[in-house]
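The following exercises concern a predicted model.

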Amino acid sequence: MHGGGSNELNKFIADLRRPESAIREKAVKSLQEIGGVEATQALILALTDQDARIRSAATQALLSIREIALQPLIQSLNNADKLLKRSVCEILGQINNEQAVDHLIQQLQDDDPLVRSAAIEALGRIGHHRAVDPILAILEDENSWVRAIAATALGNFKARTAVDELITKLDDPVHWVRAAAAEALGKISDRKPVDDLIMKSLEDPDQSVRMSAIEALKQIGTIAIEPYIDSLSSEDLNTRFAAIDALLAEGSVAVAPLISLLGHQNPVVRATVAEILGNIGDTRAVEPLTDLLADEIESVQIAAINALGKIKEEKTIESLIRALGNEDPKISAAASKAVLRMGDLAIEKLIAALHDKRAEVRAIVANILGKIGDFRIVEPLIQTLNDEVAWVRAAAAEALGKVTDIDAVKPLAEHLSDENYLVRATAAESLGKLRDEQTVPDLVKCLNDEITMVKRAAAIALGKISDPSAVDGLLKALEDTDAPVRAAAIESLANLRQTGFLEYLKRIVLPWPWSRESPEVKRAAKRAIKKLREVLEEEAAIAEEAKEEEPSTSKNEKSTS
């Protein structure tokens, strides 16, 4: 800070009334540097500027000269401007000097609820004990926001004298006041309101209040498990959700009582308890949850499967693998997801399950192994390519494409001639992902397959491998009788940067009747045209660069001669 002449000071004060925001903002910064009482008073008046940026700049300026600004700010609380008083209260709270306490307490009587709220928040920041009783008195304010902010402040004060009044606010007609009261009681951590908080956490119609009450009980150090367990069978969804949240918050302490409920006659309770135990993740629940896999109700079985997948215990894997073959597709899908969540932990048992007597299990296991991806699964999956059931072989072929191990190339290429079209198509697709040029001749042969799916998969794979030796075969595939094959061939030729058939593509995209090609092929042609034009532009740019370098090269050669 530095002193400034009176003329300079007056100029900056005058600038605060100029219409240009930039000039006013610059004046605020200059007044901050000058300092002193007059500059401070001018900065205080700038808190009422219509531009939020100016108000913010003035606030920061006053905070930077807090000791000088303290008394002028306190005096300005007598100003009638409500916006100014709110801003001053906020700044005094941030300055955090107890000299402001009594003056802020006086503002609790202001007729503007926003001023009262700002004064409460400022007193809460300063934290002086003299403010407790005045704030406690305003807990009955007619304005709900003032009541809520007062409750929050009393919680920050940890004012035990406020407990009884805060308990009454748990029944306030406005939900945010009830939530603030519950939160405050948790911070005070007095055991007196426990019963009221338990009831509020279960029965309040507003979720924010229920969650605040549950969190408060947690801070106090008690959640009475029994009321929440009893509420799991409530017909009211909100009550059940509140009970679930509370039991999850309690964690391991709730595990034993919850396990005892896995045999409850109500299937909703059994499923809900299984879900809670899975989220808590305590291994004590593994065996009881495994027993629940035999439950007669689908939703209970699925809940148990999901829970076991979350707990991730190796001893549950075999039970989950058995569930993969369940006739109910929802149960099978849940088991698949749970086993996949196990990851590396499940690999050895999954490999063993590739020999399961049920074909559906073998296929699902191959699919899961492909998603997990690990070098240990390559050889077992290669062996599974020889499974007696076609769709198991196809699942193994697909999985090997996801693992992308070079050892899988030859076995997959051999299955391009499999008796089943699904296996042939899947093998071709996986070879495209492996991108081995040695497989190009075999994939080109597949372009003559009798099944559309196989021809299309081979055409797409050749485009991914991007070997020029595939061009002739793909050009021939443009005459295929099946539109999906022609479309795939077009896209692959574009990937191979074959600009020579650009004119052919332009004829394809002509409207009917000039071109009677299928919409699928036309869409592929449009994408290919765009890609090939980019190729031509790229080649032209490279040629231009080479041409520009040529004269300098020739010149150098002449000078050398």
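**Exercise 1.** Determine which helices the buried residues of α3 pack against.

*Solution.* Begin with the residues concerned: in helix α3 (residues 36–45), the buried positions are Ala-39, Thr-40, Ala-42, Leu-43 and Ile-44. Next, identify their partners. The buried residues of α3 pack against α1 (6–15), α2 (21–34), α4 (52–64), α5 (66–75) and α6.

**Exercise 2.** Describe the length of helix α20, its burial and what covers its buried residues.

*Solution.* Helix α20 spans residues 298–311, 14 residues in total. The distance from its first C-alpha to its last is 20 Å, close to the 20 Å expected at 1.5 Å a residue. As to burial, α20 is mostly covered, 10 of its 14 residues being buried. Among them are Val-300, Ile-302, Ile-305, Leu-308 and Ile-311, as well as Gln-301 and Gly-309. The cover over the buried residues includes α18 (267–280), α19 (286–291), α21 (317–323) and α22 (329–342). Finally, examine the residue that follows: just after α20, Lys-312 adopts a positive phi of about 60°.

**Exercise 3.** Characterise the packing of α22 with α24.

*Solution.* Consider the geometry first. α22 and helix α24 (residues 359–372) pack at an angle of about 35°, their axes lying 10 Å apart, and the crossing is right-handed. Then examine the residues: α22 contributes Ser-332, Ser-336, Val-339 and Leu-340, which meet Ile-364, Ile-368, Lys-371 and Ile-372 of α24. By class, the residues of this contact comprise five nonpolar, two polar and one charged.

**Exercise 4.** Which residues does Ala-525 touch, apart from those up to four places away in sequence?

*Solution.* Ala-525 is part of helix α34 (residues 519–560). Its relative accessible area is 0%, so Ala-525 is buried. Excluding residues up to four places away in sequence, Ala-525 touches Ile-490, Leu-505, Ile-508 and Val-509. A further distance may be noted: Ala-525 and Ala-494 are separated by 31 residues in sequence and by 9.0 Å in space, C-alpha to C-alpha.

Terms used: Residues numbered from 1 in each chain as written. Predicted model: local features only at pLDDT ≥ 70, side-chain atom pairs only at ≥ 80, totals over all residues. Heavy atoms only, no water. Buried < 20%, exposed > 50% of the residue type's maximum accessible area, 1.4 Å probe, protein only. Helix = DSSP H or I, 4+ residues; strand = E, 2+ residues; numbered from the N terminus. Contact = heavy atoms within 4.5 Å. Expected span 1.5 Å × (residues − 1). Axes fitted to C-alpha atoms, helices over the stretch in contact; angles between N-to-C directions. Left-handed = near helix turned anticlockwise from the far one by under 90°. Nonpolar A, V, L, I, M, F, W, Y, C, P; charged D, E, K, R; others polar.
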